[in-house]
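Let's take a friendly walk through a protein model.

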Amino acid sequence: IQTLRTAEISSASVGEFKLAPTAKPTIDRSISVRGSQLSSPNDESFALYLKYSLLTELQAAGKYDASAPTVITGQLTENELNAAGFSTATAKLGAKFAVARAGRTLFEKTLLQESSWESSFVGAVAIPEAINQYTEMYTKLLAKLFADDEFKQALKP
């Protein structure tokens, strides 16, 4: 949020977020955590969860305007959580972001956030930690986007 607040960028609106055409449809609905299914926190899709995460960050930074001519869109490209290991768990979250103004694309880039952490043999410990680590990746992926110089350039007034 601080990165957005201090950046000399104009406010933006948030457009469509969907599953990338090349991605498996199942990655948008749920992922497996040691045999349990984790669904999107908004019960719709992980692509929409990413959209709402972006919207929340922009609003908190005072950089959201629903009627702004600059529109940020995205496509979920990767969504993976592997907590089956008893010593290490891993996750990947990827998205292709775009910024457009007046029908002209000013920015388009695919970003990937990967994470690994110590896991536990005990499912009651490992599963909640995996969920926490996984959901934190949304914030980390958006932080990469906000720090990207090309993204900030596309949002210049």
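How many bridges join β1 to strand β4, and do the two run parallel or antiparallel? Five bridges join β1 to β4 (residues 70-82), and the two strands run parallel. Two strands are said to pair if DSSP finds at least two bridges between them.

Before going further, a word on the model: it is predicted, so local features need pLDDT of at least 70 and side-chain atom pairs count only at pLDDT 80 or more, while totals for chains, interfaces and linings use all residues. Residues are numbered from 1 along each chain as its sequence is written, and side-chain values use heavy atoms, with hydrogens and water left out.

**The overall plan**

The protein chain has four helices and six strands. Here helices (H or I, at least four residues) and strands (E, at least two) are DSSP runs, numbered from the N terminus. Reading from the N terminus, the order is α-β-β-β-α-β-β-β-α-α. The chain has 157 residues, of which 43% count as buried. Buried means under 20% relative accessible area, exposed means over 50%, and partly exposed lies in between (1.4 Å probe, protein chains only). Among contacts (heavy atoms within 4.5 Å) with a separation of 6 or more, 68% come from residues 24 or more positions apart.

**The strands**

Strand β1 (residues 13-19) is mostly covered, with five of its seven residues buried. Across in β4, K18 has Q75 as its bridge partner, and L19 has L76. On to the next pairing: β4 and β5 run antiparallel and are joined by twelve bridges. There, E80 stands opposite K92 in β5. In a regular strand the side chains alternate between the two faces of the sheet.

The loop between β5 (88-101) and β6 (104-118) holds A102. A102 is not a glycine, yet its phi is positive, about 55 degrees. Is A102 buried or exposed? It counts as exposed, because its relative accessibility is 78%.

S115 sits in strand β6. With a relative accessible area of 13%, S115 is buried. Leaving aside residues up to four places away in sequence, S115 touches A89, T90, A91, Q133, M137 and K140. The C-alpha atoms of S115 and Q133 are 7.8 Å apart, although the two are 18 residues apart along the chain.

**Helix α2**

How far apart are the end C-alpha atoms of helix α2 (residues 46-60)? They are 21 Å apart, which agrees with the 21 Å that its 15 residues should span at 1.5 Å a residue. The expected span is 1.5 Å times one less than the number of residues. At the N-terminal end, S45 caps α2: one of its side-chain oxygens lies 3.5 Å from the backbone nitrogen of A47. After α2 comes G62, with a positive phi near 75 degrees. The buried residues of α2 include F46, Y49, L50, L54 and L58. An α-helix has 3.6 residues a turn, so residues three or four places apart point the same way.

**Aromatic pairs**

Rings of Phe, Tyr and Trp (its six-membered ring) pair if their centres lie within 6.5 Å; planes under 30 degrees apart count as stacked, over 60 as edge-to-face and the rest as tilted. By this rule there are six aromatic pairs. Two of them are set out here.

| Pair | Centre distance | Plane angle | Type |
|---|---|---|---|
| F17 and F97 | 6.3 Å | 65 degrees | edge-to-face |
| F46 and Y134 | 5.7 Å | 85 degrees | edge-to-face |

Definitions and conventions. Polar contact = N/O pair within 3.5 Å; in protein donor to acceptor, adjacent residues only side chain to side chain.
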